[in-house]
Structures are given as C-alpha cells and as structure tokens.
Amino acid sequence: MMRSLVLPASVSLSILAMLVACAADDVSPVASDAPDAATSSPRDGGGTTTPGPDATVADAEAPLASQAEVEPNDGKTETETNPMTVPGEMTGTIDLADDRDIFRVTVSKGELWQWTITPAAAMAPHLAVFDLLPDNQNPSRVVFADPGAPAVLDHFVLSDGAFVAGVRDARNVPTATGKGGPTFGYTLRAVKRPLAPAPVTFPSTKTGKLASPGALDFYSFSATKGTVFGIVLRAARKVPASTLDSRLSLFDLTAKKSIITNDNAGGSPDSQIGGQIPETSDYLVVVENEGTNPTDLSYELVFQTTEP
Ligand SMILES: [Ca+2]
Ligand SMILES: [Ca+2]
Ligand SMILES: [Ca+2]
C-alpha cells in the first residue's frame, strides 16, 4: 500500500476560514521576486535537466476574456464571490481597507494554469488559489510580492474541485493591517500552459531549481503496476542546504488521477513519496514550494527502486 500523506485540508466550508488557512505559511511578507512570465524560461539553462513548462511556448494566444470585479466579493459567505472566466483577465482594487476579492474559477484535473497578478504601485499582491471542497486532494497555492511587484503562480490541478482565487494585500496577511484604498488596483490573469515534464528513469538523481517561489517543476516516468519506488527530495537535507520548503505530488497522467502528496518528511521541510506503483501507466511528479524564503530554491530529486 502507498502511504497516504496528503496535506490535510481545512474541513471548514467558510471561504474566509480557507483564506486564513492559506495564510498560515505566510509568516513574513518576503518578496516573491517573481520573474516576468515571458522571461522565466527556459529554466536553469543547463544542458541536463530543465523541467517545467516552457513559458516561451505561448498558450494558444486566444484573446483573454476581460472582466472587472463586482463588490461585495469578500467571501464572507459562499455566494459572496465573483465568477471569473479562464483563460481570462480580471481587474480589481483592494478597496476599502483590508478588502479581499474572491473569484470562482472552473479548472480541471490534469491542467496547468499560470496566474499572474500585476499590482499598482501601492499594492503588495497576495494571491491564493485553492479548492473549497472539504478533504480535497488539492494543496493550496500561494504567492506574494512587495508593493508594485508582479507575482506569478503556477497551478497544476491534481483533482477536480471547487476552486477560487483570492486576492489581498500581502501586508494584510495573516493579520489585517488596514492596507487598501482606491489606488490599490491590480490585474489578475490566468492562462493555460502546456505540460512539458522532464522524463526520468529509475534509479537516477536529478538536480533542479524552481524558477520562482510560485513556479512548479515537472518530471515524468512510465512504470509497471506493483513496482516498488521511492522519490526523495533533498533541499533542507542536501549539502549545502537550500531554503526550499518543498511539496511533492504524484499524478497518473493516463487516468488523470492524484496518487499521493507529501509536504514534510524525515523531520524536515523536505518531501518524499513511495510505495508500490498502483497501475501500469505514465506518471507525473510535481515539485512545488510551500515556503516563504526565496533565497535558494534548489533541490536534488532522487528516484530510487526502494521505498524511502
Ligand atoms: Ca475589491
Ligand atoms: Ca472585495
Ligand atoms: Ca515541505
């Protein structure tokens, strides 16, 4: 049996409570240093492993649906939200003070979405994309940045759910500080990206580095049912240690099914998964950052033929 290490989701149906839960990791508003989406790839530039979607491959270049928020959309009730068509672009303002803007979106398992929030000079963007379904399999995705700085968030959908994107000023997270006003405008953009995982075989070790705190790296492999495997991420545990606080997920590309997710293992912020391959299939490994320190997002990823 595979060990179930899925991140516990809040059982509360309150969007507000979910937003607070999403803020739990955001202990300090460190700048995301998020790169411009158009220049964030190719990653690393090395000749070996350059996982992740190639941002130079534009999404279908379909015209984006332009939308504007309508208050109230603070998520104080489940219906106090705005629908957002994706791919699309939403304009809004963090106004009045401590405003929060919640947008419902329809995305499907197996899809990769890239969110970009572009703030006015006064606003420090904080974006959380998460699933409202109780006990869901989808970890919350969060990114934030300094005032006036854009932030980019990759979101791979592990399971179908009831997704929302929540926008706040980062200085109001986790505790409201009164930031907001008519000059706190922003644009939120969501586009679909092609999946371009780096193929791997067992056993092997890959080295990688997330392009930004909100970026994802992807690896893929084929495996036969019953095969014993382990995938071990080393960041805090590598020498020298990096500041990446990882989360690792395994997804069946054929069945479009989330298999397992782990955030912390071995008494460290590092992640590892393993057990027996449940079905003969192609699998996707998703590497993400759940931490707040962008100083060094490098890691080693060990693909082994034994359980961790
Ligand atoms: Ca607003
Ligand atoms: Ca609002
Ligand atoms: Ca972790």
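**Ground rules.** Because this is a predicted model, local features need a pLDDT of at least 70 and side-chain atom pairs count only at pLDDT 80 or more, while totals for chains, interfaces and linings use all residues. Residues are numbered from 1 along each chain as its sequence is written, and chains are lettered from A and ligands numbered from 1 in the order in which they are written.

**Confidence.** The pLDDT is the predictor's confidence in each residue, from 0 to 100. The protein chain averages 86, and 80% of the residues score at least 70. Over residues 1–13 the pLDDT is below 50, and this stretch has 30 contacts in the model beyond near neighbours in sequence. Residues 23–58 also have a pLDDT below 50, with 90 such contacts. Two residues are in contact if their C-beta atoms, placed from the backbone, lie within 7 Å.

**Overall make-up.** The protein chain has one helix and 19 strands. Helices (H or I, at least four residues) and strands (E, at least two) are DSSP runs, numbered from the N terminus. Of the 308 residues, 44% are buried. A residue is buried if 20 or more other C-beta atoms lie within 10 Å of its own, exposed if 12 or fewer, and partly exposed in between, with C-beta atoms placed from the backbone.

**The core.** A nonpolar core is a set of buried Ala, Val, Leu, Ile, Met, Phe, Trp, Tyr and Cys residues joined through C-beta atoms within 7 Å. The largest one here has 67 residues, and Trp115, Leu127, Ala165 and Val285 have the most contacts inside it. Strand E18 (residues 281–289) gives the most to this core, with five residues. Domain 1 (15–193) and domain 2 (198–304) both contribute residues, so the core lies between them; the domain bounds come from an automatic or database domain assignment. Leaving aside neighbours within four places in sequence, leucine 127 is in contact with residues including Trp115, Val143, Leu153 and Ala165.

**Strands side by side.** Two strands pair if DSSP finds at least two bridges between them. Five strands form an open sheet with mixed pairing, in the order E1-E3-E10-E5-E8. Its edge strands are E1 (65–68) and E8 (151–156), each pairing on one side only.

| Strand | Partner | Bridges |
|---|---|---|
| E12 (residues 204–209) | E19 (residues 298–304) | six bridges |
| E14 (residues 228–234) | E19 | five bridges |
| E5 (residues 112–119) | E8 | six bridges |

Within these pairs, glycine 208 has tyrosine 299 in E19 as its bridge partner, and leucine 233 has leucine 301 in E19.

**A closer look at E8.** Tryptophan 113 stands opposite histidine 155 in E8, and tryptophan 115 has leucine 153 in E8 as its bridge partner. Six of the six residues of E8 are buried, so this strand is largely enclosed by the rest of the structure. Ala151, Leu153 and His155 point one way from E8, and Val152, Asp154 and Phe156 the other way. In a regular strand the side chains alternate between the two faces of the sheet.

Glycine 148 is found in the loop between strand E7 (141–144) and E8. With 13 C-beta neighbours inside 10 Å, glycine 148 counts as partly exposed. Not counting residues up to four places away in sequence, glycine 148 touches Pro119 and Ala121.
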